[in-house]
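Here is a friendly note to read with the model open beside you. Take the points in order and find each element as you go.

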Amino acid sequence: MNNQKNSFFGKIDWLTIFLWFALCLIGWFNIHAAVYDPENPGLFNMATNYGKQSMYIASAIVLGITILIIDAKFFSSVSPIIYAVVILLLIVVLVVGRNVGGNQAWIPLGSFRLQPSEFGKLAACLLLANYLSSQSNKNPNLQTLAIGAGIVLFPVFLVMLQPDTGSALAFFSLIFVFYREGYVNNSFLIFGGLCIVLFVLSLLINPWILITVLAIIAAFFMWTLRKKRKDLINLGILFAVSSAFILCVGFVYNNVLQSHQRNRIDIILGKMDDPKGQGYNLNQSKIAIGSGQLLGKGYLQGTQTKYNFVPEQSTDFIFCTVGEEWGFVGCVVLISIYLTLLLRIIHIAERQRSAFARIYAYGVASILFFHFFINIGMTIGIVPVIGIPLPFISYGGSSLWSFTILLFIMLKFDSNRKGIV
């Protein structure tokens with residue numbers, strides 16, 4: 001009995017739980033400020049979003065405790081079942097889902113709306129860890145990489161049918177898991193970075209002019225490396241692939257992306273100025289954050305927040321409330337908590353004795369980092385607005401529960417490091 005008690009309480013990473021709970025409380029109070037109703041001021045009033053969020057937090061605590069009680073091996077054994085159930089829900093939402101803001105991403109369950117895509121990341125993370133850990137005794141190979149990529153991309157395909165680009169992009173953060181396990185190397189990441197640079201340049205510069213510039217650069221290096229046949233071949237392949245990529249960008253940009261997505265990218269790149277139309281959300285977000293200055297205007301004192309200038313401020317743009325009411329200092333504190341949590345998760349990942357737990361923990365870190373970076377980045381105008389929640393902070397039951405389950409399963413693995421297979 002004493003051993004069980006020690007196993008349950010003594011080996012749990014309480015620092016991570018403290019950081020999680022701190023973020024939940026910060027989110028709750030900022031949701032209260034973002035949608036404050038003077039006629040229903042109570043934090044527990046179920047007629048308001050902040051009242052509902054208190055219920056979501058309470059249920060998240062119950063979920064966390066339940067996960068910590070369950071045997072750690074249970075999650076690895078049922079990962080295929082969890083994945084299959086979530087895939088089924090992603091198909092069901094395309095048939096019976098409720099369309100909100102142009103995305104058919106929610107299944108109505110009475111007054112509650114379930115968003116399966118939030119749980120899709122959890123399911124993909126679990127099954128990916130299950131599969132890659134089963135191959136851990138083998139050298140990384142293309143077949144394993146292809147199957148692992150398929151596990152991630154299948155839910156991405158279904159989420160894109162909703163269409164919910166923001167949620168779909170979050171799955172690609174799992175590339176860091178493949179990197180950590182040796183399936184992709186530094187060259188792949190450098191190539192990915194080059195693709196991002198070329199994508200941006202292709203939208204700012206005429207593609208044929210850009211290809212001409214690349215041809216001149218390639219010709220210079222070919223002349224420099226004229227005696228090294230292998231390097232010449234590699235450089236030629238890189239130029240050909242880069243040129244093809246540049247030409248594909250224009251096609252995808254004009255024929256695949258929706259008009260509002262193109263407009264958001266144009267606003268970020270400075271090609272379009274529409275502060276009262278497509279750029280309204282971003283413009284009001286930057287005004288709200290900037291108006292907070294050093295120490296903020298104070299709790300419930302934000303004018304941008306109080307008069308509803310920023311749309312979706314309790315969900316996608318919740319960081320605006322932090323910036324306006326708590327100022328630069330409040331933003332730094334919040335970002336510091338997130339960075340501490342992410343570093344703690346990486347530390348936990350590296351001390352795992354099983355491949356499954358390590359791979360899963362890196363998946364948790366990757367998903368949380370993507371949401372953290374993109375959500376805050378879009379509110380301050382360094383990335384396009386794609387509409388994803390800030391973990392543990394944004395309003396919503398699906399988001400809070402999925403991130404909580406994601407995190408607490410990792411904590412369970414960590415508390416039982418000797419017993420996970």
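Predicted model: local features only at pLDDT ≥ 70, side-chain atom pairs only at ≥ 80, totals over all residues.

1. Residues are numbered from 1 along each chain as its sequence is written, and side-chain values use heavy atoms, with hydrogens and water left out.

2. Confidence. The chain has a mean pLDDT of 86, and 93% of its residues reach 70 or more; pLDDT is the predictor's confidence in each residue, from 0 to 100. Among the elements of the chain, the lowest mean pLDDT, 51, belongs to helix α1 (residues 2-10), and the highest, 95, to helix α16 (residues 318-350). Helices (H or I, at least four residues) and strands (E, at least two) are DSSP runs, numbered from the N terminus.

3. The sheet. Three strands form an open sheet in the order β1-β2-β3, with antiparallel pairing. β1 and β3 are the edge strands, each pairing on one side only. On average, neighbouring strands of this sheet are turned by 50° against each other, direction ignored. Two strands count as paired if DSSP finds at least two bridges between them.

4. The bridges. Strand β1 (residues 98-100) pairs with strand β2 (residues 103-109) in the antiparallel sense over three bridges, and N99 has Q104 in β2 as its bridge partner. β2 also pairs with strand β3 (residues 112-114), again antiparallel and over three bridges. Here I107 is bridged to L114, and P108 to R113.

5. The turn. How many residues lie between β2 and β3 in their hairpin? There are two, and G110 in the turn has a positive phi of about 70°.

6. Helices α5 and α6. Two packed helices are described by the angle between their axes and the distance between the axes. For helix α5 (residues 79-96) and helix α6 (residues 116-134), the angle is about 150° and the axes are 8 Å apart. That makes α5 roughly antiparallel to α6. The axes are lines fitted to C-alpha atoms, for helices over the stretch in contact, and angles run from 0 to 180 degrees between N-to-C directions. Angles under 35 degrees count as roughly parallel, over 145 as roughly antiparallel, 65 to 115 as roughly perpendicular and the rest as oblique.

7. Handedness and contact. α5 passes α6 in a left-handed crossing. A crossing is left-handed if the near helix is turned anticlockwise from the far one by less than a right angle, and right-handed if clockwise. Contact (heavy atoms within 4.5 Å) involves residues including I82, V86 and L89 of α5 and F119, A123 and L127 of α6. The residues of this contact divide into 13 nonpolar, four polar and no charged. Ala, Val, Leu, Ile, Met, Phe, Trp, Tyr, Cys and Pro count as nonpolar, Asp, Glu, Lys and Arg as charged, and the others, Gly among them, as polar.

8. Helices α6 and α17. α6 packs with helix α17 (residues 355-380) at about 145°, their axes 8 Å apart, and this crossing is right-handed. Among the residues that meet are K121, L122 and C125 in α6 and F356, I359 and Y360 in α17. By class, the contact has eleven nonpolar, four polar and one charged residues.

9. Helices α10 and α12. Helix α10 (residues 186-204) and helix α12 (residues 229-255) pack at an angle of about 50°, with axes 9 Å apart. They are therefore oblique to each other, and their crossing is right-handed.
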